[in-house]
Amino acid sequence: MAAEIKSGAGTVSKSPEAHVVPAEPTGTPAEVAIGMSTARKLFISTTVILLNFNVTLSSSLPSGAGATLNTHFGVTSELQKPLPVAVFLVGLIFGPIIFAPLSEYWGRRPVFLLSFSIYTAFTLGCALAPNWPVFLFFRFMLGCGAAAPQTVSGGLFCDIYSDLRPRGMAMTMLGLTSNVGPLVGPIISGFTSTRVWQWQFWCALILAGVNWPMLLFMPETFAPALKAQKHKSVTPIIVKTPRSLREQARILARPIRILSEPLVFFTDLFILYQYVIFFLYFGAYPVIFSNTYSMSNGVSALMFVPIGIGAVLAIVIFVAWDRYHRRSVERGKSWALQEEYRRLPLACLGGPLFALSEFWLGWTARPNIHWAVPALSGIPLGIGIDLTFLALNNYLTDAYDIYSASALASSVFTRNILAAILIPLTTYPLYENLGTDWACTLLGCLCVVLTPIPFAFIRWGPAMRRRSSFCQKLVHMKDRDESGGDLTIPL
């Protein structure tokens, strides 16, 4: 049984399962962050969305200047050429499982500062790398530092937006930058680093420098951390931290433990496949368009533009659906009152569109067909991947609330670990051995197999949430908070 310690400000739980347990003299913890002004919330959201754009841009940056980079470091092996992207994704394996749970322990701001500091330092390191192994190590560390915007932002949006509509819009813009950023990277490097390979990283540093002042002025949003800060200026209070290495390990292992939940596992599986294909294309597009149409690096990188157009169109569809759903709720339509219909129908549309783009690209990328025809396959690809990411990530964020950072971290962890393995091993052999047509057909068929997942969530999602241990913990926490009790964050 948890004992309690009395302080001048109230009652503090002594449970070893609580890492921040302050007493609030004036309102619930959520009111502290949610009560921020609209302008302040907009500033915070803009800051983390731009952070996300910066780090995702860097993920694919070397792919647009591969020839210059490989010539400088003397890389001739086809298996080694995709490694700058692959090792970045390896870094994104380890970063989320550290930064996400720490953001639910320290608070959001310290984690963003630490993560972006690592990102900035190793961006500079990449530009100054003396040899290939050091360059790859710096790319790995760069990926570790890029983790926080990808995983912690969902939890931050839960902190400041109680209304699901603005929270969903913030997650939508975050998803847009997650998919547009990697498309912009090869274009920047393809035109700036054709002679001096370091210029791609100087450009990334300039963009990071623009983001730093905003990050330094960004306030804390995590309610337990805000309560702890407030009590330091009001009255002494005991903040209970895990007393053993085992308990600390449980905090850091939360993204792995949450992966055992069906909602998280099958969401990760669907996103994983589309994510791997998305990054595989950064190696495949130069093969397809340079070999088939004799395009230069910079021009072949422009073939990613239709994917960006598709991503923007996905936002239009998302907003239109959000308005339609809201009107249906106001009219009291029974289907709209079910949580699963808020986001998941968009994923039901996104999956088939993504599969369509695979078949379209595979069977039109031929010398006797104009290059614009296969390039336009990027539009349904951009719409499909964005709708799927936005719908499923929003669904996880809404379902797991304060634990959403760990839920999103599990998604980032699983998709990057497979992407890092598959991309260098499959990109060149897949398209060289099967050809563009059958390689894309194989990928499209695999996508068709996975498209029923969001339909299954609509049917069985409520039962999965009722059986989720994390979702049930959230229900109990909210009940205690609303009754004026202590805010306890279970391990």
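How many helices and strands make up the secondary structure of the protein? In this predicted model, the secondary structure comes to 22 helices and 2 strands. The protein has 491 residues, of which 58% count as buried. Its accessible surface comes to about 19200 Å², and carbon and sulfur atoms account for 67% of that area. Among contacts between residues at least 6 apart in sequence, 84% join residues that are at least 24 apart.

N52 lies in helix α2, which covers residues 38-59. This residue has a relative accessible area of 0%, which is under 20%, and N52 is therefore classed as buried. When neighbours within four places in sequence are left aside, N52 is in contact with P149, Q150, L174, T177 and S178. Two of these residues are also reached through polar atoms. The side chains of N52 and S178 are joined by a polar contact of 2.8 Å, and the side chain of N52 reaches the backbone oxygen of L174 at 3.1 Å.

Aromatic rings were examined next. A pair of aromatic rings is described by the distance of the centres and the angle of the planes. The count for this structure comes to 26 aromatic pairs. In the pair formed by Y273 and F354, the ring centres are 6.4 Å apart and the planes meet at 70°, so the arrangement is edge-to-face. Y273 belongs to helix α14 (residues 262-293) and F354 to helix α17, so the pair ties together parts that are 81 residues apart in sequence. Both partners are buried: Y273 has a relative accessible area of 11%, and F354 has a relative accessibility of 0%. Elsewhere, ring pairs link F73, W132, F135, W197 and F201 into a cluster.

Helix α17, which spans residues 340-364, also contains Y341. In contrast to the buried F354, Y341 is partly exposed, with a relative accessible area of 24%. Its contacts, leaving aside neighbours within four places in sequence, are with W321, H325, W335 and I458. The C-alpha atoms of Y341 and F457 are separated by 9.7 Å, and these two residues are 116 residues apart along the chain.

Which pairs of charged side chains meet in this structure? Side chains of opposite charge can pair when their charged atoms come close. A search of the whole structure finds 2 salt bridges. In one of them, the side chains of D159 and R108 meet with an N to O distance of 2.7 Å. This pair links distant parts of the chain, since D159 is in helix α8 (residues 153-160) and R108 is in helix α5 (residues 108-127), 51 residues apart. D159 is buried, with a relative accessible area of 11%, and R108 likewise counts as buried, at 1% relative accessibility. The salt bridge between R342 and E339 has its closest N and O atoms 3.5 Å apart. Here R342 is partly exposed, with a relative accessible area of 22%, and E339 is also partly exposed, at 24% relative accessibility.

I309 is placed in helix α16 and counts as partly exposed, at 42% relative accessibility.

Two serine residues in loops complete the description. Are S377 and S294 buried or exposed? S377 is found in the loop between α18 (372-375) and α19 (378-400). At 2% relative accessibility, S377 counts as buried. Not counting residues up to four places away in sequence, S377 touches Y285, S357, W360 and L361. S294 is found in the loop between α14 and α15 (297-301). At 65% relative accessibility, which is over 50%, S294 therefore counts as exposed. Most residues other than glycine have a negative phi. The phi of S294, however, is near 55°, a positive value in a residue other than glycine.

Note on methods
Residues numbered from 1 in each chain as written. Predicted model: local features only at pLDDT ≥ 70, side-chain atom pairs only at ≥ 80, totals over all residues. Heavy atoms only, no water. Helix = DSSP H or I, 4+ residues; strand = E, 2+ residues; numbered from the N terminus. Buried < 20%, exposed > 50% of the residue type's maximum accessible area, 1.4 Å probe, protein only. Contact = heavy atoms within 4.5 Å. Areas by Shrake-Rupley, 256 points an atom, 1.4 Å probe, with all protein chains shown as cover. Phe/Tyr/Trp six-rings, centres within 6.5 Å; stacked < 30°, edge-to-face > 60°. Polar contact = N/O pair within 3.5 Å; in protein donor to acceptor, adjacent residues only side chain to side chain. Salt bridge = Lys/Arg side-chain N within 4 Å of Asp/Glu carboxyl O.
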